[in-house]
Amino acid sequence: MSRPGATDADHGVRGSRIRHALKLGVVVAGMFGFGYALVPIYDMLCDALGINGRVVLEASAAPAAIDTSRTVTVEFVTTVNGGRPWQFHAERPSVDVHPGQMTTVEFFATNTEGHELVAQAVPNVAPTAAAKYLRKTECFCFDNQPFAAGEQKRMPVVFTLDPELPDYVDRVTLSYTFFDVTDVALKQD
């Protein structure tokens, strides 16, 4: 319906605005869809390429043969995000393992704050080429870790390096960063 005194130019401007609004709506919907799809795409790429510290978390059906002809040094690095005063360290800075050998290393964490908290450890593996050959059967990084005020925890990591680990890799660094996820954990309860 035309308003009195409207010219053809007014109708053209109005039509142009509607087309522009529709285009913007399509762009917004596309951006939302792209953002929604990023997480699964990222996960698939990391799993396929073995990057960003992604490691195989399930146990192998049959244990691999131990390659006693070579030794790989696995170093452990621990950090606490945000400069929190928590204590977090591995029982030893490194271990020498044969590919295929099941190894257990204990990690210790203490909540030095005067209140409860929930922490989550995020692993990373370097070099990235080694990430797809690291198999963890037990790790504190699989779940959130609730701590009472002043509580200390002993947390094992059980792992093996696949004997198919490239020969040029003789040192692997397994690092963990502890994050405070208390607020997120409380919202999930």
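A charge sits over a ring if NZ of Lys or CZ of Arg is within 6 Å of the ring centre and within 35 degrees of the ring normal. The charged end of Lys 153 meets this rule over the ring of Phe 147, 4.9 Å from its centre. The model is predicted: local features need pLDDT of at least 70, side-chain atom pairs count only at pLDDT 80 or more, and totals for chains, interfaces and linings use all residues. Residues are numbered from 1 along each chain as its sequence is written, and side-chain values use heavy atoms, with hydrogens and water left out.

The strands come next. Helices (H or I, at least four residues) and strands (E, at least two) are DSSP runs, numbered from the N terminus. Two strands pair if DSSP finds at least two bridges between them. Four strands make an open sheet in the order S2-S4-S8-S6, and their pairing is antiparallel. Strand S2 (87–90) and strand S6 (134–138) form the edges, each pairing on one side only. From one strand to the next, the twist averages 30°. Here axes are lines fitted to C-alpha atoms, for helices over the stretch in contact, and angles run from 0 to 180 degrees between N-to-C directions.

Strand S4 (residues 103–110) and strand S8 (residues 152–161) run antiparallel and are joined by 8 bridges. Val 105 has Val 157 in S8 as its bridge partner. S2 and S4 are also antiparallel, with 4 bridges between them. In this pairing, Phe 88 stands opposite Ala 109 in S4.

In a regular strand the side chains alternate between the two faces of the sheet. S2 has a covered face with Phe 88 and Ala 90. Its uncovered face holds Gln 87 and His 89.

Aromatic contacts were then examined. A pair of aromatic rings is described by the distance of the centres and the angle of the planes. Rings of Phe, Tyr and Trp (its six-membered ring) pair if their centres lie within 6.5 Å; planes under 30 degrees apart count as stacked, over 60 as edge-to-face and the rest as tilted. The count by this rule is 11 aromatic pairs. Phe 76 and Phe 159 have ring centres 6.3 Å apart and planes at 70°, so they form an edge-to-face pair. Phe 76 lies in strand S1 (residues 72–80) and Phe 159 in strand S8, so the pair ties together parts 83 residues apart in sequence. Phe 76 is buried (under 20% relative accessible area; exposed is over 50%, partly exposed in between, with a 1.4 Å probe and protein chains only), at 9%. Phe 159 is buried as well, at 1%.

Phe 88 and Phe 178 form a tilted pair, 4.5 Å centre to centre with 45° between the planes. This pair links distant parts of the chain, with Phe 88 in strand S2 and Phe 178 in strand S9 (residues 171–180), 90 residues apart. Phe 88 is buried, with a relative accessible area of 10%. Phe 178 counts as buried at 1%. Ring pairs link a cluster that includes Phe 76, Phe 88, Phe 147, Phe 159 and Phe 178. Trp 86 and Tyr 176 are among its other members.

Two loops complete the account. Gly 114 is found between S4 and strand S5 (117–126). Gly 114 counts as exposed, at 77% relative accessibility. Gly 114 and Ala 148 are 34 residues apart in sequence, yet 8.5 Å apart in space, C-alpha to C-alpha. Pro 127 lies in the loop between S5 and S6. The peptide bond from Ala 126 to Pro 127 is cis, with omega near -5°.
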